[in-house]
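Please examine the sequence and the three-dimensional structure shown here. The paragraphs that follow lead through selected parts of them in turn.

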Amino acid sequence: MFNNIIPAFLVGGLICVVGQLLMDLTKAKITPSHVLVGFVTCGVILGALGLYEPLVKIGGAGATIPLSGFGYTLAKGAMEGAQSGGLIGAFSGGIQATAVGIAAALFFGYLVAVVFNPKG
Amino acid sequence: MPNSDLRPPTLKVTPEEYKEITKKLTPKPKVVKNTILAFLVGGLICSIGQIIINSYMLYLGLTKLSAQIAGTATLIFLGALLTGLGVYDEIVRVGGAGGIIPVTGFANSMVSPALEYKKEGYVFGVGGKLFTIAGPILVYGIASSIIVGIIYLLLR
Amino acid sequence: MKNKKAGNQSVFFQNPPVVISGYSVVGPKEGQGPLRDSFDVILKDTYDGEKSWEKTEAKMLERSMRGAIDKAQVPLESVDYILAGDLLNQIISSNFAARQLGLPFIGLYGACSTMALSLALGGMLIDGGYASKVLCSASSHHDTAERQYRLPTEQGNQRPMYAQWTVTGAGSILLADAGNGPKLTSATIGRVIDYGETDTNNMGAAMAPAVADTILNHFQDLNRPPDYYDLVLTGDLGVLGLQLVTELLKRSNLNIRNTFTDCGVMIFDTEQDTHAGGSGCGCSAVVLTGNILSRMQSGEIKKVLLIGSGSLHSPASALQGESMPAIGHAISLEMQ
């Protein structure tokens with residue numbers, strides 16, 4: 001049951017290393033926001049090409065927790081939606097598959113923003 | 001546009017030469033140290049995620065898919081909470097991309113602008129700023145997933 | 001009428017205005033730095049009881065203005081003008097601080113060069129006979145600047161090693177046509193210089209050419225030897241900017257051998273993790289009103305050249321890919 005933790009650590013760590021190298025070795029214009037957008041989009045593309053699936057199989061949470069995993073889930077959902085619901089499914093599938101994550105981020109984000117004040 | 005060609009006296013260095021000097025003197029990021037820290041912090045967050053998912057399956061009897069979704073939501077909550085407590089920016093200061101790329105970093109990018117601009121009201125301040133950085137992520141993620149779905153349909 | 005202009009860009013004061021008092025208010029981080037003993041007020045936290053950091057900054061600036069007037073023991077109404085500026089949009093900190101004082105107010109924007117700019121203009125007003133007392137002020141606040149120019153303070157981000165830390169602080173100097181204290185003897189107004197730096201984290205590199213240009217013109221205009229000053233002090237170039245300006249001056253054949261340093265380098269310890277040092281309008285304002293004035297009054301240093309350095313970009317211009325224009329204004333203070 002708990003033997004999947006070390007693979008999660010390794011895969012998750014390596015994905016983050018890619019992001020760190022992107023930030024350190026490229027121009028200063030690459031901000032955290034650019035890295036996040038890039039990772040989601042790459043996740044969608046890799047997911048669509050079937051190249052992200054093996055990472056998820058090996059790393060579990062190590063591949064789904066990084067934002068590229070969010071992209072992978074979006075792509076997977078869109079393809080499954082297209083399979084079962086045609087064009088409408090292609091539009092709704094991605095959001096459906098990630099709905100809980102988006103809603104959670106929105107809801108918890110709002111709550112925290114209301115309760116706390118920035119510390120600086 | 002950079003200006004040179006100034007009335008003398010002025011620098012006996014052209015903007016091109018200056019670019020070289022700046023490049024030579026600008027300290028480089030500590031790539032090796034940053035990379036190791038990103039690996040450790042990112043790996044740690046992902047393994048905490050895995051432990052949460054495992055426990056949801058073991059103790060709550062959730063299916064693998066539900067446990068994954070619930071685990072992700074839990075991490076988002078933790079990321080948001082740590083941002084509110086003023087801790088998450090410290091995690092990223094040390095861990096760099098290791099703190100930015102996991103969903104906890106996504107939560108941080110939503111909460112931090114909302115928190116910061118709360119003084120500007122609950123509609124434009126909190127409501128609007130929640131999407132300053134999350135907006136582009138969702139726009140590019142969802143739009144590209146729709147394109148993927150359509151291509152999938154066409155190739156089927 | 002005698003001409004008080006010297007060379008291309010400089011003025012010298014025939015009846016040099018006197019710095020009769022200075023007052024500095026700083027945030028907690030600055031209060032832990034190496035200059036902590038020289039500040040008049042150190043805030044316990046970055047809010048200081050206010051609801052937002054913008055309010056704190058305006059309050060800090062007002063406090064430094066009143067502090068300088070009280071220290072000089074002159075009535076508030078005897079001040080002819082307030083010259084003040086800060087980094088926020090529409091210079092709100094200065095506007096709101098001036099609202100509380102009810103004195104004639106001239107708002108300035110010179111980015112981080114504001115303190116030197118306000119002193120240069122204040123000197124001209126007094127020596128020109130248009131005023132007998134002018135209050136010159138500038139302020140910045142780390143958190144208000146950070147969110148206006150960069151990212152929300154709680155957003156995770158790794159700052160590059162050459163990035164600087166905006167100083168939380170406000171400084172005010174009361175200039176008068178007579179009195180005891182260091183005299184403002186000359187000023188050099190800078191040109192806007194842009195050597196093509198586009199990285200908004202690298203303000204030192206953006207500002208160094210403008211500062212070096214102003215220094216070259218100052219020494220030529222006033223025909224002063226390079227070792228005229230005991231201390232040549234740049235506003236907020238930081239570690240990298242100071243190295244760059246030294247290199248630029250060396251290549252332009254001006255060798256200032258005396259102590260050549262930077263307020264941004266002085267204000268923080270390397271252990272404080274600010275990377276390249278301090279920046280912001282408040283940086284040179286509090287170092288000048290705190291450390292430098294007291295060292296001049298004690299006689300440790302007699303002649304000081306301060307070159308305030310400002311980067312004149314905005315977040316919008318940076319996003320549109322424009323390089324960062326910069327400016328440097330110099331003022332000389334001399335103790336007789």
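Strand E14 (residues 303–311) of chain C is mostly covered, with 8 of its 9 residues buried. A residue is buried if 20 or more other C-beta atoms lie within 10 Å of its own, exposed if 12 or fewer, and partly exposed in between, the C-beta atoms being placed from the backbone. Strands (E, at least two residues) and helices (H or I, at least four) are DSSP runs, numbered from the N terminus. This is a predicted model, in which local features need pLDDT of at least 70 and side-chain atom pairs count only at pLDDT 80 or more, while totals for chains, interfaces and linings use all residues. Residues are numbered from 1 along each chain as its sequence is written, and chains are lettered from A and ligands numbered from 1 in the order in which they are written.

E14(C) has pairing partners, where two strands pair if DSSP finds at least two bridges between them. Strand E11 (residues 231–234) of chain C runs parallel to E14(C) and is joined to it by 4 bridges; Leu231(C) has Val304(C) as its bridge partner. Strand E15 (residues 326–334) of chain C runs antiparallel to E14(C), and 9 bridges join the two. Here Ile307(C) has Ala330(C) as its bridge partner.

Some backbone features deserve attention. Most residues other than glycine have a negative phi, and most peptide bonds are trans. Gln73(C), however, has a positive phi, near 55°, and is placed in the loop between helix H2 (53–71) and strand E5 (81–86) of chain C. Gln73(C) counts as exposed because it has 8 C-beta neighbours inside 10 Å. Ile91(C) also has a positive phi, near 35°; this residue lies in the loop between E5 and helix H3 (92–101) of chain C. Ile91(C) counts as buried because it has 21 C-beta neighbours inside 10 Å. In chain B, a cis peptide bond with omega of about 0° joins Pro8(B) and Pro9(B), and Pro9(B) is found in the segment before H1 of that chain.

The next topic is helix packing in chain A. Two packed helices are described by the angle between their axes and the distance between the axes. The axes of helix H2 (residues 32–48) and helix H5 (residues 67–115) of chain A come within 6 Å and cross at roughly 40°. Such axes are lines fitted to C-alpha atoms, for helices over the stretch in contact, and angles run from 0 to 180 degrees between N-to-C directions. H2(A) and H5(A) are therefore oblique to each other, since angles under 35 degrees count as roughly parallel, over 145 as roughly antiparallel, 65 to 115 as roughly perpendicular and the rest as oblique.

The chains also meet one another. Two residues are in contact if their C-beta atoms, placed from the backbone, lie within 7 Å. The contact between chain A and chain B takes 69 residues from chain A and 65 residues from chain B. On the side of chain A that touches chain B, H5(A) gives the largest share, 31 residues. That side divides into 48 nonpolar, 19 polar and 2 charged residues; Ala, Val, Leu, Ile, Met, Phe, Trp, Tyr, Cys and Pro count as nonpolar, Asp, Glu, Lys and Arg as charged, and the others, Gly among them, as polar. Chain B and chain C each supply 36 residues to their contact. On the side of chain B that touches chain C, the largest share, 7 residues, comes from H6(B).
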